[in-house]
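Here is a short briefing for a reader who is new to this structure. The points that follow are grouped by topic.

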Amino acid sequence: MSRPIIDDPRIERHIVRSEVISKVAGGVVHNFNNILSVLLGRVELLLGQVDKGAVDAGQLRKGLVSIQKGALDAAELLKRLRDIARPPQDVACSVFDLNAAVADAVEFIQPHLVTVAQGQGISVRVTSRLSTVAVPISGQSSALREVLVNLILNAIEAMPEGGEVSVETAREGSQAVLRVTDTGVGIPEEVRSRVFTPFFTTKPAGNTGLGLSSAKDLVTSHGGTIAVASELGRGTTFTIVLPCAESRQPRAVAPAALRLRAGLRVLVVDDQRELRDILREFLSELGCQPTLVGSGKAGLDAVEREIFDVVLTDLLLPGASGWEIARAAKRRSPGCRVVLMSGKAIPDGLRVEALVDATLMKPVDLGHLRTVIAEVLDEPSPSLS
């Protein structure tokens, strides 16, 4: 049966992205469950010690640090999955370090290796050799991560007896070079000439044959090239060459301050009561005057009734969206600063009508939130101590 013709590259990339996510999902679930097990175990131990009156400050701090680390690990795991799943056309181009994108992709694939080892009984290693100097690239880091994860997954499939995948970056003059090498079975010459052809695949039924053609399209859209070299029984190397971008100097950090401006009026709109309680306590400790509501409708009522210095609102709310609250807050007081929170990626292009001054991904890191509020108010960045 012939495959349907797909002439929309966006649809092709969506299909490829879905294939990638389905392949790594088992490993992500495995890792996430491991993290949850640690979190729940630590909480149960602390609760037991508290009930017995046997916990001291040192034990409590050790347990809380472990819980904090587990939560941050879980958030980072979901961020990597979101970055791979996020359509590149929704992401603004920027200058990023190829080394960092490679490190993210290699770390992201690690849970999948556990799944492979358990399901197939083989050992696969994915290692990286990164350039000792920064390799700045202009483009979409999520797109390059998607290409790299797809190449690593292909390499793993090419090693049915196990082996090693090595990812290497280098800067050669004005060019960035990325190589993915495996120790697998190799690609026959008659196949090698067609690997970038859409729908061509030697894999079992269920594979679309779009992965490498989509990778080539994404690399080409970044002004680069991708090539393959292989030897039967010795392995395969995919080489990507991209133009380097001009490095950008990081913005100077303002002198630290201990607190935000005393009496800062902050409206928090979120339908999760536990998060509202945490933000109330946190903002109060910073010397702010927080007002908290639990729905979009209540948020609209609040900004119509009162002028706030900062509005911190979730994106998806019952009764009204974060965008509607932002619009109402700016209309009531143009000087109000709006920070939009969301568990989903917020494309830069959706910051319409200058409604939003900053965006914040959930789960909320309180230290980062403190810095974001200071930045949107153009105040010195607060100390994290």
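Pro363 lies in the loop between strand S12 (358-361) and helix H10 (366-376); helices (H or I, at least four residues) and strands (E, at least two) are DSSP runs, numbered from the N terminus. A cis peptide bond joins Pro363 to Lys362, with omega at about 0°. Most peptide bonds are trans. This is a predicted model, in which local features need pLDDT of at least 70 and side-chain atom pairs count only at pLDDT 80 or more, while totals for chains, interfaces and linings use all residues. Residues are numbered from 1 along each chain as its sequence is written, and side-chain values use heavy atoms, with hydrogens and water left out.

**The chain as a whole**

- The protein chain has 10 helices and 12 strands.
- Of its 385 residues, 45% count as buried, meaning under 20% relative accessible area, where exposed is over 50% and partly exposed in between (1.4 Å probe, protein chains only).
- Among contacts in the protein chain with a separation of 6 or more, 71% are between residues 24 or more positions apart; contact means heavy atoms within 4.5 Å.

**Helices H7 and H10**

- Two packed helices are described by the angle between their axes and the distance between the axes.
- Helix H7 (residues 273-285) packs with H10 at an angle of about 60°, and their axes are 12 Å apart; axes are lines fitted to C-alpha atoms, for helices over the stretch in contact, and angles run from 0 to 180 degrees between N-to-C directions.
- H7 and H10 are therefore oblique to each other, given that angles under 35 degrees count as roughly parallel, over 145 as roughly antiparallel, 65 to 115 as roughly perpendicular and the rest as oblique.
- On the H7 side, Ile278, Leu279, Phe282 and Leu283 meet Leu366, Leu369, Arg370 and Ile373 of H10.
- By class, this contact of H7 with H10 has 7 nonpolar, no polar and 1 charged residues (Ala, Val, Leu, Ile, Met, Phe, Trp, Tyr, Cys and Pro count as nonpolar, Asp, Glu, Lys and Arg as charged, and the others, Gly among them, as polar).

**Helices H8 and H9**

- Helix H9 (residues 322-332) has buried residues that include Trp323, Ile325 and Ala328.
- The buried residues of H9 pack against strand S8 (265-269), helix H8 (296-305), strand S10 (310-314) and strand S11 (337-342).
- H8 and H9 pack at an angle of about 5°, with axes 9 Å apart, and are therefore roughly parallel to each other.
- In this pair, Gly296, Gly299, Leu300, Val303, Glu304 and Arg305 of H8 meet Glu324, Ile325, Ala328, Ala329, Arg331 and Arg332 of H9.
- The residues of the contact of H8 with H9 divide into 5 nonpolar, 2 polar and 5 charged.

**Two buried helix residues**

- Ala329, found in H9, is buried, with a relative accessible area of 3%.
- Leaving aside neighbours within four places in sequence, Ala329 is in contact with Val303, Val311, Cys336 and Val338.
- The C-alpha atoms of Ala329 and Gly299 are separated by 9.3 Å, and the two residues are 30 residues apart along the chain.
- Ile152 is found in helix H4 (residues 141-157) and counts as buried at 0% relative accessibility.
- Not counting residues up to four places away in sequence, Ile152 touches Ile109, Val126 and Val167.

**Cysteines**

- The structure holds 0 disulfides, a disulfide being a pair of cysteine sulfur atoms within 2.5 Å.
- Cys244 is buried, with a relative accessible area of 18%, and Cys288 is buried at 7%.
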